[in-house]
Amino acid sequence: MKTFVAIAILSLAASTPTLVNAHGFIRQVAIDGRRYAGNLHNSDKGASPIRLVGGIGPVKGTNSKDLICGLSAQNAEMVVPANPGSTVSFQWSGGGNQRWPHSTGPLITYMTSCGPTSCDKFDPTNAKWFKIAQLGKKDANTWFQEDIERGSALNVTLPKNLSPGGYLIRQEIIALHHATSMGGAEFYPSCIQVQIGGCETGFPLQTVSFPGAYSDSDPGIFDPDVHSPGSFYNFPGGPVSELAAASNSGAVSEQLTDSATSPSPSSSLSADDDAYGYNDGDGSDDNTSSAPASDTSQDNVPLVLHIVLAAVNAFLLVGHSFLDRSRRRAKRKSCRCGDAEQESQFELEYILSA
Ligand SMILES: [Cu+2]
């Protein structure tokens, strides 16, 4: 009896901290290297673009309204600038300043437009979401989530053709360590409020709703084989949107160092922190000056005709590049007014933090 009590006390002692700390939240987010701190639900330290969750515990059950932006999520104060192609880095953390505690399950990222509403006022109850990235297993037996557990940040590239406007980014970890039983999956969604600049034109064709996108019996949510070596993983929520398919599906990088909301130019991101600056919007159209030059050189054409054709080709090339340049100039011009606010906000922030 004594030993039984001792064992009971021991196991209680061993499991209590696990109960308290074995969950987590997004402690910090960085957009192209600019960092913004998140808040813990009972220690609100100030403005953040990350919607505050009511606790670090998981959302359970795919019908929960909390599946949208996390447990009793509240709107955040800040809407922070980003651009098509921006790199967004998410630093997850466990409770009590510990690392993220789980290692099994996918990292999935969605976006939704805030429409005409400013994202700090936007109610995503009926929002249509599109998937922009997902990471599951690195190889037969290890998940990318293990890197998050080791303290790495998750990097996600925003779609390069994304239309300007306000968006919520919904970054979600699904912890599947209890997914061998129905309803055992733990969902940790979190929403970040961003304002996308640039003048791209892409809209997603396929969207999903939360709740609605997932079902408790989905193979990627109720997964009896989740701990079996080499088992195949089936992502829930459908495929990555065609809008984002050209971008990568995300990557993990070294840990973001702690800092306050003030973004610092020296970033600890390993892979793509220098890849994307401010997007002036004309990037995708630059190599269209391939004039109809190649299909005219036939072997039995007389020399004179060759010369005439060459002259015509040269004329076409010049005309083409002239048209191209003026088209680009027009595009930049039409884009400038939409971007002005964004650009000045960017500069203001930079000056404030410098
Ligand atoms: Cu947990």
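A nonpolar core here means a set of buried Ala, Val, Leu, Ile, Met, Phe, Trp, Tyr and Cys residues joined through C-beta atoms within 7 Å. Keep in mind on this tour that the model is predicted.

**Stop one: the core.** Select Val29, Ile132 and Leu168. In the largest nonpolar core, which has 72 residues, these three touch the most other members. As background, nonpolar side chains in soluble globular proteins tend to be buried together.

Now stay on Ile132 and show its contacts. Leaving out residues up to four places away in sequence, Ile132 touches Thr109, Tyr110, Met111, Val156, Leu158, Pro159, Val240, Ser241 and Ala244.

**Stop two: the sheet.** Switch to cartoon view and look for an open sheet of 5 strands, with mixed pairing, in the order S3-S9-S8-S5-S6. Colour 80-82 (S3) and 130-135 (S6): these strands stand at the edges with a single partner strand each, so one side of each has no neighbour in the sheet. Look along the sheet and you'll find neighbouring strands turned by 35° against each other on average, ignoring direction.

Select 186-196, which is S9; S3 and S9 run parallel and are joined by 3 bridges.

**Stop three: a loop.** Carry on to Phe203, in the loop between S9 and strand S10 (251-253). Is Phe203 buried or partly exposed? Phe203 counts as partly exposed because it has 13 other C-beta atoms within 10 Å. Finally, draw a C-alpha to C-alpha distance from Phe203 to Ala244: they are 41 residues apart in sequence and 10.0 Å apart in space. Ala244 is also one of the residues that Ile132 touches.

Methods. Residues are numbered from 1 along each chain as its sequence is written. This is a predicted model: local features need pLDDT of at least 70, side-chain atom pairs count only at pLDDT 80 or more; totals for chains, interfaces and linings use all residues. A residue is buried if 20 or more other C-beta atoms lie within 10 Å of its own, exposed if 12 or fewer, and partly exposed in between; C-beta atoms are placed from the backbone. Two residues are in contact if their C-beta atoms, placed from the backbone, lie within 7 Å. Two strands pair if DSSP finds at least two bridges between them. Helices (H or I, at least four residues) and strands (E, at least two) are DSSP runs, numbered from the N terminus. Axes are lines fitted to C-alpha atoms, for helices over the stretch in contact, and angles run from 0 to 180 degrees between N-to-C directions.
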